[in-house]
Amino acid sequence: MAFPTIQLVLVLLGCMLSTSLGATSLSGISLASTSIFDVMKYGAKGNGKTDDSPAFMKAWKAACQAPSSVRRSILLIPAKRTFLLRPISFNGPCKPSTIYVQVSGNIVGPTKKTDWIGSHIDTWLEFTRVNGLTVSGNGRIDGQGPIWWKNACIGSPTPGTSCHAPAALMFKRCNSLRLNGLTHVNSPRVHVTITACNNVIISNLRIIAPETSPNTDGINIASSTNVKIRDSIIGTGDDCVAISGGSSNIMISGIMCGPGHGISIGALGNGGTDVVENIEVRNCTMVKTLAGVRIKSWQGGSGYARKISFKGIKFDAVYNPIMIDQYYCPTQTNCRTSTSAVKISDVTFSGIVGTSKMDNVINISCSRSVACTNIVMDRVYMSSATPGRKVFGTCINAHGRATHVKPSFNCLKR
């Protein structure tokens, strides 16, 4: 179903999406092969009170299953409207080779947890098996997190039941994915999750939640390859960016992080084998975060984390600025002890400057049975956020070299 406003929308989309598409620009889209599916035309009210999920589902099915003459479908979520959505899954595969979701309006989650009864509790908005997907715009996605943060359970579960709140936005098995320009606020749990995806570019996002909000990571990457995250502002109650097992060829740059828990790889090896490699974190700034850049793993795991670099990082009054922690146990109760561990190697920290709220500014705590190898510290200059206070670094079973490091860091074994 194509509409007369198509030329205007294509011009607007071209302006908004050009940064996320790189060389591929909407200016080259043929009108004959593109159709726009406006959710208002499928019954959405956009008043922030009516459940617009059925209308979104109808519009999605039409866009995803458009006739063969349509090469590109655009799902349009118009500006100056607020759309209330219950948990919803946008499933592929889709017939058009390219799907654009243009988020110009605002999307809000249910205001009552009881509205989730009968729905899959793990995710609020989910895209699955949609290749060639671009989600872009200057809209806002509000997960209504405060109703979940004190108690993630719905109703009155059996005592001892462990509940977890839903992630706000998940992409699963979506290859050639682009996510650009949106503002994400107050997710119940993780704001954006990338799982089993290949060829992903995430850029120019703003992700915001209170420092006290639990488990509200900005972006989580799991089992994904060839992912770029750049030029975004993230301040939440947990990791700004977290990279989990099965991920490789990840590049993170231009992130302003804080509050939150910094940029983390792991925790790896929680009862199994995890592999992570070819990770680069470059030109990022962390302000008053509870951690800076870190690799964390549980005792008892297996696998490896290798070919990892942290370059051009700036810290401002950060706790735990540089850390490898192979004794990860966040509750500090019933912590495992094991001789097996994830093997960490070929990790470089270079061009790092800043201040720390802790005296131990470099903490490389490797497994006593599986040493970290080829750990490189180069041009790392850390000082205390409290003028005149001395800082230091420590190692456990770490091998490598340190050059031009302050404070003096002589604990790496050759």
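I started with Lys172, which counts as partly exposed at 29% relative accessibility. My cut-offs here: buried is under 20% relative accessible area, exposed is over 50%, and partly exposed is in between (1.4 Å probe, protein chains only).

Before going on, I noted that this is a predicted model, where local features need pLDDT of at least 70 and side-chain atom pairs count only at pLDDT 80 or more, while totals for chains, interfaces and linings use all residues. Residues are numbered from 1 along each chain as its sequence is written, and side-chain values use heavy atoms, with hydrogens and water left out.

**Entry 1: Lys172 and its partner**

What does Lys172 form a salt bridge with? I found Glu126, with the closest N and O atoms 3.9 Å apart. A salt bridge here is a side-chain nitrogen of Lys or Arg within 4 Å of a carboxyl oxygen of Asp or Glu. Lys172 sits in strand S11 (residues 167-172) and Glu126 in strand S8, so the pair ties together parts that are 46 residues apart in sequence. Strands (E, at least two residues) and helices (H or I, at least four) are DSSP runs, numbered from the N terminus.

Is Glu126 buried or exposed? Glu126 counts as buried, at 11% relative accessibility. I placed Glu126 in S8, residues 123-128. Then I listed its contacts (heavy atoms within 4.5 Å). Skipping neighbours within four places in sequence, Glu126 is in contact with Ile88, Ser89, Phe90, Met170 and Lys172.

**Entry 2: the other salt bridges**

How many salt bridges does a search of the whole structure find? My note says 11.

I looked up Asp115 next; this residue forms a salt bridge with Arg86, and their closest N and O atoms are 3.6 Å apart. Asp115 lies in the loop between strand S7 (106-108) and S8, and Arg86 in the loop between strand S4 (82-84) and strand S5 (88-91), so this pair ties together parts that are 29 residues apart in sequence. Asp115 is buried, with a relative accessible area of 14%. Arg86, at 35% relative accessibility, counts as partly exposed.

Asp115 and Arg86 also turn up in a network of salt bridges, linked with Asp51 and Lys112.

I jotted down one further pair: the side chains of Glu280 and Arg282 meet in a salt bridge at 2.7 Å, N to O. Arg282 is partly exposed, its relative accessible area being 31%.

**Entry 3: helix H2**

H2 covers residues 53-64, which makes 12 residues. From its first C-alpha to its last, H2 reaches 16 Å, close to the 16 Å expected at 1.5 Å a residue. That expected span is 1.5 Å times one less than the number of residues.

Which residues of H2 are buried? I wrote down Ser53, Ala55, Phe56, Ala59, Trp60, Ala63 and Cys64. Looking down the axis of H2, I see these buried residues fall within an arc of 155 degrees, so they line one face of the helix. The arc is that of the directions from the helix axis to the C-beta atoms. The exposed residues Lys58 and Lys61 are on the face of H2 turned away from its buried side.

**Entry 4: the core**

I then checked the largest nonpolar core, which has 97 residues. Such a core is a set of buried Ala, Val, Leu, Ile, Met, Phe, Trp, Tyr and Cys residues joined through side-chain atoms within 4.5 Å. Phe171, Phe310 and Phe349 have the most contacts inside this core. H2 gives the core its largest share, six residues.

Leaving out residues up to four places away in sequence, I found that Phe171 touches a list of residues including Phe127, Leu133, Val135 and Leu177.

**Entry 5: strand pairs**

Two strands pair if DSSP finds at least two bridges between them.

I followed S18 (residues 225-235) first. Strand S15 (residues 198-203) runs parallel to S18, joined by five bridges, and Asn198 has Thr225 in S18 as its bridge partner. S18 also pairs with strand S20 (residues 247-257) in the parallel sense, over eight bridges. In S20, Ile252 stands opposite Ile229.

My last stop was S29 (residues 360-365), a mostly covered strand with six of its six residues buried. Strand S27 (residues 322-325) runs parallel to S29, joined by four bridges, with Ser365 in S29 as the bridge partner of Asp325. S29 also pairs with strand S31 (residues 392-396), again parallel, over five bridges. Asn360 has Phe392 in S31 as its bridge partner.
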